[in-house]
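Reader: Could you please take me through this model? I would like to ask about single residues and then about how the parts pack.

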Amino acid sequence: MPDYDPQTIETKWQKSWEEEKSFKVEADPAKPKYYLLEMFPYPSGRIHMGHVRNYTIGDALARFKWMQGFNVLHPIGWDSFGMPAENAAIQNKSHPNTWTLANIKTMTEQIKRLGLSYDWDREIATCEPKYYRWNQWCFLKFLERGLVYRKNSEVNWCESCNTVLANEQVIDGLCWRCDNEVITKLQEGWFFKITDYADRLLEGCKDLEAGWPEQVLTMQTNWIGKSYGAEVDFQIKDSNEAIKVFTTRPDTLYGATFMVLAPEHPLTLSLSRGTEQASAIDAFIKEVKSQDKIARTSEGGEKLGVFTGAYAVNPLNGETIPVWTANFVLMDYGTGAIMSVPAHDHRDFEFAKKYDLPIRIVILPPDGNTNADDLREAMTDPGPMTQSGEFDGLAGDEAKQKVCEHLQSKNIGKATVQFRLRDWGVSRQRYWGTPVPIIFCEQCGTVPVPYEDLPVKLPLDAQLGDKGQSPLKSLDSFINVPCPKCKAPAKRETDTLDTFICSSWYFDRFTSPDEENAPFSKDANRYWMAVDQYIGGIEHAILHLLYSRFFHHVFRDMGLVETREPFAHLLTQGMVIKDGAKMSKSKGNVVDPDHIIGRYGADTARLFILFAAPPTKQLEWSDQGVEGSFRFLKRVWRLFDETATILREAPGDLDTGGDLPKELKELRRHIHTAIKRVTEDIDKRMQFNTAIAAIMEFVNHLYAFREWWTSQKESSADGQALFKESVETLILLLSPFAPHIAEEMWEQMGHSQPTHHTPWPEYNEEFLKADEIEIVIQVNGKVRQKLSVPAGIDEDSLKAQSLEDPRIREWTDGKEIKKVIVVPRKLVNIVVK
């Protein structure tokens, strides 16, 4: 056989898999199904090592499941709408559609070079009308169910570019494109009422505990942010207006010594008008607008604030307290206003100390000291109320309940539940996205596009403005349409939908991508869903996964799906880094997958990616590691090459009933040990690195056996059959990780059925047992000998054999044996004096 030539082998098998549609799959109720899905890619131009890791993890598992007898759905598609295409089109003086389709072509070619087991007949691209038609259908159905509404909301606006900017396009308060100041302004937009499903999304997290990472569920739980507490009205002094706050600690109301409004709160400006603080408030609001919201609320972030010049009245004790605005309060959470109780809240304590604001202890500390001057940090633990009038002595839930009852009786507050989750703003004032299926008519108002008129197609002859302005607003052929109801002249909505909508149900579409009368077939969905294993980055832990769950719950209410959740198991793969940093062009540490595949082959790239680290951990790129993986595959090929003739001529079956020589029994034990380790590492633990390590150990045992075998004058039929079984087992165990070389060797062995349609080898527990085991013998803790003893030897016999060993006696003769310590099946330690 020729030397290992990965390029020739891989080209051959990729061509074969594509021509024979080897991984095409249909629903088959007679077979158990397995739906494996990696988060579909954005067609950014070229794949990177992060893509390679994601897809290789999925492909190894898909091939394994095929071999276990599952009917495996493993599809691929493109999340192809979105802002990056617009930006690239502007930079390259191209059209987003042209740029996107070219990238899909390039990335398809690259992905196919990896030998991934995709059913390409199910390929989808979300920028195609046959897909986004159903985005529009979902919008209209959600509208019918009262889950869609329109309201004013704040957007980032660049006057120079005359366009809305996404948050990531605002850098230090300036437009990323022209470096001019970005302002926020109110603009009407469409929202999905995801808050209607807040409780169900939260409850659903419990259903996912067995299959999702705890970190992801914690992130989603915190994002939904269910809080029990009270809404309380603080009357503004000398005004009929009140500031409504939400607090989870109504038992600390007597300790509220000041209030804080979000800079975006409408009262922040109005309260400062006519006071000496007006200019300071204006400057502060402008300053805060340039700050990142996450940084503003981070635990270690600097707490900044300004007095508004106004005061409010504490509704329980009648005390007049100052009203401030601060960067750590967001309009997005609660009411955009808080009562500050510095003695019992760390953030408020820090702020009060910085700005010399009063602090009052209202929860009795264990030592009974209520002198706030002695406080070194906030006391957040519950306890009896103190300095709280009629509520003194009440504690915990009872205290909170009594305060809430009092607030409600006085009509100044009430017990309530709040969520951090806010409704999903789905309007985008951009071009490259799904058109919103709405028409505005002067006579009929807001009119949904009739279902029979879907899709509302995005006009591909439109040209972006040189600064990113959407052309839809000025494209008469798109805007001007008759009203579906009264036929009078009307105008189309020019907003497009958030691209997260595309990715919130694409996994359903994969179950029946050619369905023309619905977003997906109920029957196909019933068979394939839920996704058994979903794979993607931790960066999608909240938005994409939460929106997908929201869509699924709505679909369930509509009777379209039956499963409670869309994804049964979730794996969040770690990042690929090089030289200690994330790969990026600016750092000069990018590794091109095409270069690695061209030099070493896809199997080497796959093997290294899967062997270098557990799937969920960060992977440090190593050129030496790639070389090592390549050398290992060459070693496997050499073992196969040097014994190919014997293997082909060897008898197919081993006479398992015969009494095998010790060496053959040991080889058989190594075969079944390797099967057990690889099977369990993939199936139970998803630890591909240790599975590959087990294969490497197995190869070492095969080389050692071959050396003994070839030294024998005659090779028995049993020896030939067992060695053939061992090599075939090696090929099958290797095939999920390095499928091309495995397929080539399998064919050379005379098999016509491909590896992925060959049953996964099974181990026999009886064959895992060793006839002999190696025991380490120590004298005073130092290794002095190693003995091979019967596996079932009893402790007394093991002690006797150890003490009688000639080499051990050199260290014990003439000395007092104090004790003999036995660690079963591992070692004997003889303590002498």
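Reader: Where does Arg 825 lie?
Author: Arg 825 is in the loop between β32 (817-823) and β33 (827-832). Strands (E, at least two residues) and helices (H or I, at least four) are DSSP runs numbered from the N terminus. This is a predicted model, in which local features need pLDDT of at least 70, side-chain atom pairs count only at pLDDT 80 or more, and totals for chains, interfaces and linings use all residues. Residues are numbered from 1 along each chain as its sequence is written, and side-chain values use heavy atoms, with hydrogens and water left out.

Reader: What is the phi of Arg 825?
Author: The phi of Arg 825 is positive, about 70 degrees, although the residue is not a glycine. Most residues other than glycine have a negative phi, and most peptide bonds are trans.

Reader: Is Arg 825 buried or exposed?
Author: Arg 825 has a relative accessible area of 52%, so it is exposed. Buried means under 20% relative accessible area, exposed means over 50%, and partly exposed lies in between (1.4 Å probe, protein chains only).

Reader: What about Gln 387 and its phi?
Author: Gln 387 also has a positive phi, near 50 degrees, and is not a glycine. Gln 387 belongs to the loop between α11 (346-355) and α12 (396-409). With a relative accessible area of 39%, Gln 387 is partly exposed.

Reader: Now peptide bonds: which kind joins Leu 454 to Pro 455?
Author: That bond is cis, and its omega is near 5 degrees. Pro 455 sits in the loop between β21 (445-448) and α13 (476-479). The bond from Met 529 to Ala 530 is cis too, with omega near 5 degrees. Ala 530 is in the loop between α15 (522-528) and β25 (533-537).

Reader: Let us step back. How many helices and strands does the protein chain have?
Author: The protein chain has 25 helices and 33 strands. Its C-alpha atoms fill a box of roughly 105 × 80 × 50 Å along the principal axes. Of the 833 residues in the protein chain, 53% count as buried. Among the contacts (heavy atoms within 4.5 Å) with a separation of 6 or more, 72% join residues 24 or more positions apart.

Reader: How do α19 and α23 pack?
Author: The axes of α19 (residues 623-649) and α23 (residues 739-748) come within 10 Å and cross at roughly 10 degrees. That makes α19 roughly parallel to α23. Axes are lines fitted to C-alpha atoms, for helices over the stretch in contact, and angles run from 0 to 180 degrees between N-to-C directions. Under 35 degrees counts as roughly parallel, over 145 as roughly antiparallel, 65 to 115 as roughly perpendicular and the rest as oblique.

Reader: Which residues meet there?
Author: From α19, Leu 633, Val 636, Trp 637, Phe 640 and Arg 648 meet Ile 741, Glu 744, Met 745 and Gln 748 of α23. By class, the contact has 6 nonpolar, 1 polar and 2 charged residues. Here Ala, Val, Leu, Ile, Met, Phe, Trp, Tyr, Cys and Pro count as nonpolar, Asp, Glu, Lys and Arg as charged, and the others, Gly among them, as polar.

Reader: And at what angle do α1 and α23 pack?
Author: Helix α1 (residues 6-20) and α23 pack at about 85 degrees, with their axes 9 Å apart. The two helices are therefore roughly perpendicular to each other. This contact has 5 nonpolar, 2 polar and 5 charged residues.

Reader: A new topic: how many aromatic pairs are there?
Author: The count is 49 aromatic pairs. Rings of Phe, Tyr and Trp (its six-membered ring) pair if their centres lie within 6.5 Å; planes under 30 degrees apart count as stacked, over 60 as edge-to-face and the rest as tilted. One of the pairs is Tyr 149 with Phe 191, which is stacked because the centres are 5.6 Å apart and the planes at 15 degrees. Tyr 149 lies in strand β5 (residues 148-158) and Phe 191 in strand β9 (residues 182-192), so the pair ties together parts 42 residues apart in sequence.

Reader: Is Phe 191 buried or exposed?
Author: Phe 191 is buried, at 9% relative accessible area, whereas Tyr 149 is partly exposed at 22%. The charged end of Lys 151 sits over the ring of Phe 191, 4.7 Å from its centre. The rule asks for NZ of Lys or CZ of Arg within 6 Å of the ring centre and within 35 degrees of the ring normal.
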